[in-house]
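User: Could you walk me through a few residues in this model? I would like to start with how you use your terms.

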Amino acid sequence: MGKPCPSVKLNNGQDFPVLGLGTWKSKPGEVEQAVKDAIDVGYRHIDGAFFYENEPEVGKGVKAKIAEGVIKREDIFITSKLWNTFHRPDLVVDACKKSLKNFGVDYLDLYLIHWPMGYEEEGELFPLNPDGSVRYSEVDYVETWKELEKCVQLGLVKSIGVSNFNSEQIERILKICKIKPVVNQVECHPYLNQKKLLDFCKARDILITAYSPLGSPDRPWAKPGDPNLLEDPKVKAIAQKYKKSPAQIILRYLIQHGTVPIPKSVNKKRLAENIEIFDFELSPADIAVIDTFDCNGRLIPQLDGKLHKYYPFNIEF
């Protein structure tokens, strides 16, 4: 049994474990076991989403460990996300309830707006035009946010936040919100270290959750010859120095960088390895080396939403 990882405080006082298990691309049939293995080695933070289409299996893994007495519900931090086809205000609360039912829990610890742009409601997850482009919804995410606040008031979720929002979009939420976002979950790794967005969010007491922290080498559109963080000679040299793996070096860097990384794995050995990062610290010199990797190297551009008026990546940060 692993030692549970440390936590940081969200702006509402809730404890947020500083390393989580990502479940994007984890297939039904393997993710339930991955969740069980992760809890056994010390993970207490599971990051999910309706869009991943594996919430029921994730929930089964959590419930199995509660039934075994390994954890209680309050020991585990569960995140889900509102998908783009549910932005219309009348759909938000029911979408949240659907995720609760999927997970088999009475409340979520954190619920995020997955992307700022909405897609046409009440159909497929990717509603397509005849030419293959996505049909958009014009709903303003500010109106969606007000319904997330309702989810808190109804006791369905403890905390709310956003994902893939740029600085201007966060400012718009902060101007109208009654409940402040606790988190902005964004792609973050040494090729895209999000320093400006991180500083912006930190100044407003909003934490950054780092998805694809290892550069998502298994992303479906990766091409041969694309840079691979885990194979970078500089990362390997630092790993050798600390007697750690390249993945452990990158995750440690991201934690010292001030983010909460959520690496995805279904491999028990790697799950255990990824959490064994609290017994060392990178030196300022080694952090400075990894800082030089940043090249605005976005690997998850969500190009389906590129023509939407709320597409987040058209401004600097």
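Analyst: Buried means under 20% relative accessible area, exposed means over 50%, and partly exposed lies in between, with a 1.4 Å probe and protein chains only. This is a predicted model, where local features need pLDDT of at least 70 and side-chain atom pairs count only at pLDDT 80 or more, while totals for chains, interfaces and linings use all residues. Residues are numbered from 1 along each chain as its sequence is written, and side-chain values use heavy atoms, with hydrogens and water left out.

User: OK, is K243 buried or exposed?

Analyst: K243 counts as exposed because its relative accessibility is 75%. K243 is not a glycine, yet its phi is positive, at about 55 degrees.

User: And where does K243 lie?

Analyst: K243 lies in the loop between helix 7 (233-242) and helix 8 (246-256); helices (H or I, at least four residues) and strands (E, at least two) are DSSP runs, numbered from the N terminus.

User: What about phi of D205?

Analyst: D205, also a residue other than glycine, has a positive phi near 60 degrees. D205 sits in the loop between helix 6 (195-203) and strand 11 (207-211), and it counts as partly exposed because its relative accessibility is 46%.

User: Switching topic, which residue does the UniProt annotation "active site" cover?

Analyst: According to the unreviewed UniProt entry, that annotation covers Y52; UniProt positions are given in the numbering used here, feature names are shortened, and annotations may be inferred rather than shown by experiment. Y52 is in the loop between strand 4 (45-47) and helix 2 (55-67), and it counts as buried because its relative accessibility is 14%.
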